[in-house]
Amino acid sequence: MTGTDGLRAWLIEAYRNDSITGRRRGVAFACLAAILIALLLYQIYFSLFHAEVNFDFFFYVGSAYRLFGDGAVTPLAYVQDVLSSEIQWYDISKAIEGSPYVQEVMTNAEAFSKQLPYYTIKPVYPALMEILHGFGFEYLQASIIISAGAYVLIILLAWLCLAHGLPSFSIGAVFVAILLALYNPLYELSRYSTPDTLNTALIVLSAYLAFRRDQWIAAALVSLFAIYIRPDSILWIGSLSVCYVLAKGLSLRAAGKAGAVCAIAVLAYFSLRLIDEPYSILLLQKIFFSPMTADSAHPDRITDYHNLAEIAARYWNATLGLFTGKFFSELYLFQTMLAVAGLAVCRRHRWDQESLWFIAALICMVAFHLVMPKEHDRVLIFAHVLILIGLGRLTINFYAANTPPHAGHLVRAP
């Protein structure tokens with residue numbers, strides 16, 4: 001069946017119900033679907049023509065050159081050439097002004113190169129930038145195409161997650177998808193040079209495969225690939241493995257399979273060392289928890305990051321900072337409370353599939369806080385999206401429980 005035939009069958013189904021109410025629902029669905037598509041198209045346009053140059057962009061360009069360039073010049077010299085030839089309108093002096101760290105990195109070729117291991121361990125993103133650049137796109141355009149395209153994919157996958165098991169014309173699913181498309185942290189990421197949006201798309205895809213389609217092997221493969229977009233995606237694989245064991249009734253066989261996937265994930269994680277030598281997570285925390293000075297641009301000069309007392313104090317202060325304001329994140333706490341509330345509702349109504357959805361998100365929320373206490377909102381955007389999808393589906397389920405049988409075009413009981 002071609003796409004046109006499928007659309008025709010879809011429209012016929014919408015109007016097959018002779019009742020006025022049924023027709024109105026079909027029209028309402030079509031209108032909401034049109035709004036969602038228009039919103040996604042507008043966001044692509046807006047992202048491409050109003051792109052933001054975030055500081056990470058320079059390092060991803062440098063990483064692309066370091067991984068795939070000819071090495072004729074230093075990465076910093078290559079980035080400066082890109083600045084002068086592709087984005088002449090950008091005033092780098094404003095970014096340098098007032099920051100000793102940025103000034104050191106953008107004027108010292110050695111310091112710039114020392115920052116690249118933070119980015120070359122995410123090889124898929126600079127590789128995609130380089131591929132698109134080879135097709136004639138500027139580096140900034142390439143990075144935004146990836147981010148905006150991933151944003152669209154996230155919303156479409158969220159629609160699939162929300163509508164799974166419902167009639168073709170679930171107004172509730174498309175309405176929640178529109179609300180998610182307007183979620184500001186996700187909306188903003190589509191305009192930045194960051195792998196976080198692409199990573200979120202893959203994790204939502206793996207969640208859909210695991211929790212909606214029961215295709216755990218496919219979900220594991222997608223999650224393993226996500227490690228090469230963001231290495232900390234290994235925490236998602238751990239979360240997914242826990243949920244798999246729970247879904248299979250805590251059987252030893254399931255635990256063995258989950259353990260094997262986790263072992264493969266660890267191997268994939270350490271295979272990144274073949275690309276570049278990443279810095280220790282403790283060193284990264286030492287740098288990011290300290291004021292960013294010119295010395296921060298030279299990680300190899302920092303030698304006191306193994307101090308156990310300092311490490312313990314850092315974690316303690318970060319944990320307290322969630323509530324005292326030093327590292328306070330309203331979004332992190334609010335999303336965590338929403339996930340806990342969603343899980344409690346699912347357990348009360350014995351919606352096991354939805355329970356696993358919230359458990360996976362909660363494990364990631366806790367694990368990421370332990371590993372990166374200062375970096376909540378941006379790297380956890382995928383968990384926020386999962387929680388919002390879960391809450392949207394709960395709302396649809398509650399409505400379905402109180403919907404008359406003739407309202408099947410809206411939702412049906414789970």
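Okay, let's start with a pair: Asp196 and Arg230 form a salt bridge, with the closest N and O atoms 2.7 Å apart. Keep in mind this is a predicted model. Asp196 sits in helix H13, residues 196–212, and Arg230 in the loop between helix H14 (216–226) and helix H15 (234–247), so the pair ties together parts that are 34 residues apart in sequence. Asp196 and Arg230 are both buried. Asp232 comes in as well: salt bridges with shared partners join Asp196, Arg230 and Asp232 into one network.

How many salt bridges does the structure hold? There are 6. Another one pairs Glu354 with Arg212, closest N and O atoms 3.2 Å apart. Here Glu354 is in helix H20, residues 352–371, and Arg212 is back in H13, 142 residues away. Those two are buried too.

Then there's Lys248 with Asp214, at 3.9 Å from N to O. Lys248 is in the loop between H15 and helix H16 (252–271), and Asp214 in the loop between H13 and H14. Lys248 has 35% relative accessibility, so we call it partly exposed, and Asp214 gets that label at 49%.

Okay, on to helix packing. H3, residues 56–68, and H10, residues 139–163, have axes that come within 11 Å and cross at roughly 105 degrees, which means H3 is roughly perpendicular to H10. On the H3 side you've got Phe57, Val61 and Ala64, and on the H10 side Tyr139, Leu140 and Ser143. That splits into 5 nonpolar, 1 polar and no charged.

H3 also packs on H4, residues 75–86, at about 120 degrees with the axes 9 Å apart, so H3 is oblique to H4. That crossing is right-handed.

Methods:
Residues numbered from 1 in each chain as written. Predicted model: local features only at pLDDT ≥ 70, side-chain atom pairs only at ≥ 80, totals over all residues. Heavy atoms only, no water. Axes fitted to C-alpha atoms, helices over the stretch in contact; angles between N-to-C directions. Helix = DSSP H or I, 4+ residues; strand = E, 2+ residues; numbered from the N terminus. Parallel < 35°, antiparallel > 145°, perpendicular 65-115°, else oblique. Contact = heavy atoms within 4.5 Å. Nonpolar A, V, L, I, M, F, W, Y, C, P; charged D, E, K, R; others polar. Left-handed = near helix turned anticlockwise from the far one by under 90°. Salt bridge = Lys/Arg side-chain N within 4 Å of Asp/Glu carboxyl O. Buried < 20%, exposed > 50% of the residue type's maximum accessible area, 1.4 Å probe, protein only.
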